[in-house]
Amino acid sequence: MQSEDETHKDIIGISGDKKNYETKRSMNLFKKTKRLIPSGASSLMRTSSWDDYPIFMNRAKGTRMWDVDGNEYIDFLMAFGPLINGHSNEKITAAVRKYIKNGDLYGTPNELEYKLAREFKKFVKTQDMVTFALSGTDATFNALRIARAATGKDMILKFEGHYHGLHDYGAVSVEAPPPVAGLKWFPKSLPYSAGIPQGVMDTVVVSNWNDLEGLSKILRIRGNEIAAIIMEPIMANSTLVSPEPGYLKGVRELADEYNILLIFDEVITGFRVSEGGAQKLYGVTPDLSSWAKALSNGYPISAIAGKKEYMELIGNGVGYGGTYFGVPISLTASIANLKLLETNEFEGYSMLGRLTRRMARGIEEIAEDIDESIFVNYETGLITFVFTEQKQITNYRESIVMDWNKYKGVQKKMLQRGIYYHPDGAERMPLSMVHTEADIEAFLTALRESIKEYNREN
Ligand SMILES: Cc1ncc(COP(=O)(O)O)c(C=O)c1O
């Protein structure tokens, strides 16, 4: 029997030769699905950036996914971040399979919640208490409500290009075309969707990220009305942008000065850039934080954590709950996932850091050899590359100055070479503990060939 690696080479030729790459079944499924489901999938992120039709997957294991036409890919989407231990991890699925015999949902307290909270605290030592919800959207929404209750103020401040889920307060200035958004240091709040009431929009102030001076000017004007500053501590929804030295600490000090709660949205960075998230990595502690994706390795769950005085407002004035908050199988999967991640004092994170650096260095080598317009950034377990003339990207407005068409064109060629990632240049690539050096080398070989081919044709 062939190993998975051999099969992979056979089907798609990771060295660059494209054999019989067909995606007709995906095309037909998309046509049929669109008639019943608006945009063809239950989340627009899965379909909106594809030119003709997206690829429909129906099986995945480790770092591999197989589409409905039988093509095999090495996955660099990892379901937008959750799969820190890879697809269908045996230890996690075994735990779920074993537990599910006990029932699905009780609607009562359950010991698994305590067990996961205890595990969570081993990772996130910076926060006193934690509670569980269903999605990242639930987590940021409830964190904002707690902050409003705690401060008695209504407004929140978020940053251009940061994404906190699709609830009305988060879906503001996720995309913000500069001519419409106006001043860089004090951008207008722009709705990310039709249907957000103006009254809600009026409670959201927007700032330019990585710009302490801009933020302090805004706070001088509106600071006394603002309940919470919410941010992705590493901006990961508009390519991948790291905080400038001292920036997070500066925001922390400004928040304290104006009696504003600081919320770190660690939905992407949590359990990924370090065991304690970006707050551990950068040494800045928020008042509240939201966690999801890599907490469970693919099961629906999120967490809100924070300082005791704020978390204990839940049940003391702040309403909280949901039928599916803290579902037993998701709690089970999360406990199994965290147990894997804490092996040998979290040594996996050093390995993941090395792997990410190797991939970044490999992309830089391609840039040096064949295409100077490639720009790379990375944090442990997260990597981005875009085509741009800029030598640095520090905020949203710089992040959108890129050759989007080239990114998409190269992504198409990568698919043909068996490498899967999102066609939207704003999406970063998450790596996992099960990606191997061979996966990274396959990515780099395919990228070199794809860029060469794209540049020849354009
Ligand atoms: C930083 C961040 N916060 C919140 C969310 C929303 O999470 P969910 O899609 O689980 O609702 C996302 C989703 O990608 C995210 O990237």
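How far apart do the C-alpha centres of domain 1 and domain 2 lie? The C-alpha centres of the two domains are 27 Å apart. This is a predicted model, in which local features need pLDDT of at least 70 and side-chain atom pairs count only at pLDDT 80 or more, while totals for chains, interfaces and linings use all residues. Residues are numbered from 1 along each chain as its sequence is written.

**Domains**
- Domain 1 covers 4–80 + 347–457 and domain 2 covers 90–344, with bounds from an automatic or database domain assignment.
- Between them, 24 residues of domain 1 are in contact with 26 residues of domain 2 (contact: C-beta atoms, placed from the backbone, within 7 Å).
- On the side of domain 1 that touches domain 2, α14 (348–370), β11 (374–379), β12 (382–387) and α15 (396–399) each supply at least two residues (helices are DSSP runs of H or I, at least four residues, and strands runs of E, at least two, numbered from the N terminus).
- Strand β12 gives the most to this side, with four residues.
- By class, this side of domain 1 has 11 nonpolar, nine polar and four charged residues (nonpolar: Ala, Val, Leu, Ile, Met, Phe, Trp, Tyr, Cys and Pro; charged: Asp, Glu, Lys and Arg; polar: the others, Gly among them).

**Helix pair α3 and α12**
- Helix α3 (residues 90–100) packs with helix α12 (residues 328–341) at an angle of about 145°, and their axes are 9 Å apart (axes are lines fitted to C-alpha atoms over the stretch in contact; angles run from 0 to 180 degrees between N-to-C directions).
- Residues of α3 including K91, Y99 and I100 meet residues of α12 including P328, N337 and L340.
- The contact of α3 with α12 has 10 nonpolar, two polar and one charged residues.

Key: Contact = placed C-beta atoms within 7 Å.
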